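Here is a short tour of a protein chain, written to be read alongside the model. Keep the viewer open and follow the residues as they come up.

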Amino acid sequence: AQDNAPVDAAEIQRIMNEAAPIEPTPETPTGIDMMSLMLSGGRFMIPIIIMSLVVVALAVERMLSLRREKVIPEEFVQQLKEIADPLELFDPQSAFQVCANHPSPAASTIGAMLSRTGEPLGQIETVGAETVARQADRYASPVRWLTLAAAATPLMGLLGTVWGMIVAFHDSTALSADQSRSEQLSEGIYTALVTTLAGLAVAIPAAILAQYLENRIAKLFSEIEQLA
């Protein structure tokens, strides 16, 4: 009687599921902890971090110094226009006093030209051009450090990476037979590449900032020449 009992399909499915091997659930790859990654870069990260602080400090300082109000004060320009209108009544002494009251690259340039009043026009223009060139060079000098940072930090990072890879290959030669050489190498190279990443992360913004500030200096001092 039991042999002729109806087959329960649900029971058969339950038995098959219990007999099937349970496959392990693949682990979800964890994200990269950037802080831990940077710290693993070792002592080669120190000069790169110092260079990044220099880049930030120089960028902020130059941004503040190259504001239009610091280079070509609007009040200074307006007062000069008032003195020169009409041009026949222009008083060089009053204009020179306006320059003294508004210390800036524009005032220094025009003041140097006014101090040569009475000399041939060609000499006055030469004095103005030389003053503009000196002022522009003084303002561009700190920007050159940004250019240096953009060129040097990738090389610092590359140096750290090369050293890290040398260490990784050296350590792999000392492994015992039961240790995985490929795993050791991959971990060492993974850590060594951190310094290259850090160097590029500093160099790219430094290069962009240097180019922007150089263009701004050229534009502002071109306006000073036109004003003079």
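## Overall fold

Please bear in mind that this is a predicted model. The protein chain holds 10 helices and zero strands, so its elements read α-α-α-α-α-α-α-α-α-α from the N terminus on, with helices taken as DSSP runs of at least four residues.

Of the 228 residues in the protein chain, 31% are buried. Among contacts with a separation of 6 or more, 73% are between residues 24 or more positions apart. The accessible surface of the chain comes to about 15100 Å², and carbon and sulfur atoms supply 62% of that area.

## The nonpolar core

The largest nonpolar core has 37 residues, and those touching the most other members are Leu-66, Val-71, Ile-72, Phe-76, Ile-217, Phe-221 and Ile-224. Two or more residues each come from helix H3 (45-65), helix H5 (74-83), helix H6 (92-101), helix H7 (105-114), H8, H9 and helix H10 (181-227). H10 gives the largest share, 10 residues. In soluble globular proteins, nonpolar side chains tend to be buried together.

Setting aside neighbours within four places in sequence, Ile-217 is in contact with Leu-66, Ala-136, Tyr-139, Ala-140 and Val-143.

Tyr-139 lies in helix H8. Its relative accessibility is 10%, so Tyr-139 counts as buried. Which residues does Tyr-139 touch, not counting those up to four places away in sequence? They are Arg-62, Ser-65, Leu-66, Val-71, Pro-105, Ile-217 and Phe-221.

Is Thr-131 buried or exposed? Thr-131 has a relative accessible area of 6%, so it is buried, the cut-off being under 20%. Beyond its neighbours within four places in sequence, Thr-131 makes contact with Ser-108, Thr-109 and Ala-112.

## Salt bridges

The model has four salt bridges by the rule used here. In one of them, the side chains of Glu-223 and Arg-68 meet at 2.5 Å, N to O. Glu-223 belongs to helix H10 and Arg-68 to helix H4 (residues 68-71), so this pair ties together parts that are 155 residues apart in sequence. Both partners are partly exposed: Glu-223 has 25% relative accessibility, and Arg-68 has 33%.

Another salt bridge joins the side chains of Arg-144 and Asp-137 at 2.7 Å, N to O. Arg-144 is partly exposed with a relative accessible area of 44%, and Asp-137 is partly exposed with 40%. The side chains of Glu-119 and Arg-116 also form a salt bridge, at 3.5 Å, N to O.

## A nonpolar patch on the surface

Now turn to the outside of the model. Leu-155, Leu-158, Val-162, Trp-163, Ile-166 and Val-167 make up a nonpolar surface patch, and together they have about 540 Å² of accessible area.

Leu-155 is one of the patch members, and it sits in helix H9 (residues 143-172). With a relative accessible area of 58%, Leu-155 is exposed, because that term applies over 50%.

Methods:
Residues are numbered from 1 along each chain as its sequence is written. This is a predicted model: local features need pLDDT of at least 70, side-chain atom pairs count only at pLDDT 80 or more; totals for chains, interfaces and linings use all residues. Side-chain values use heavy atoms; hydrogens and water are left out. Buried means under 20% relative accessible area, exposed over 50%, partly exposed in between (1.4 Å probe, protein chains only). Contact means heavy atoms within 4.5 Å. Patches are made of residues with over 30% relative accessible area and no salt bridge: like charges are joined within 9 Å, nonpolar side chains (Val, Leu, Ile, Met, Phe, Trp, Tyr) within 5 Å. Accessible areas come from the Shrake-Rupley method with a 1.4 Å probe; for residues, only the protein chains shown count as cover. A nonpolar core is a set of buried Ala, Val, Leu, Ile, Met, Phe, Trp, Tyr and Cys residues joined through side-chain atoms within 4.5 Å.
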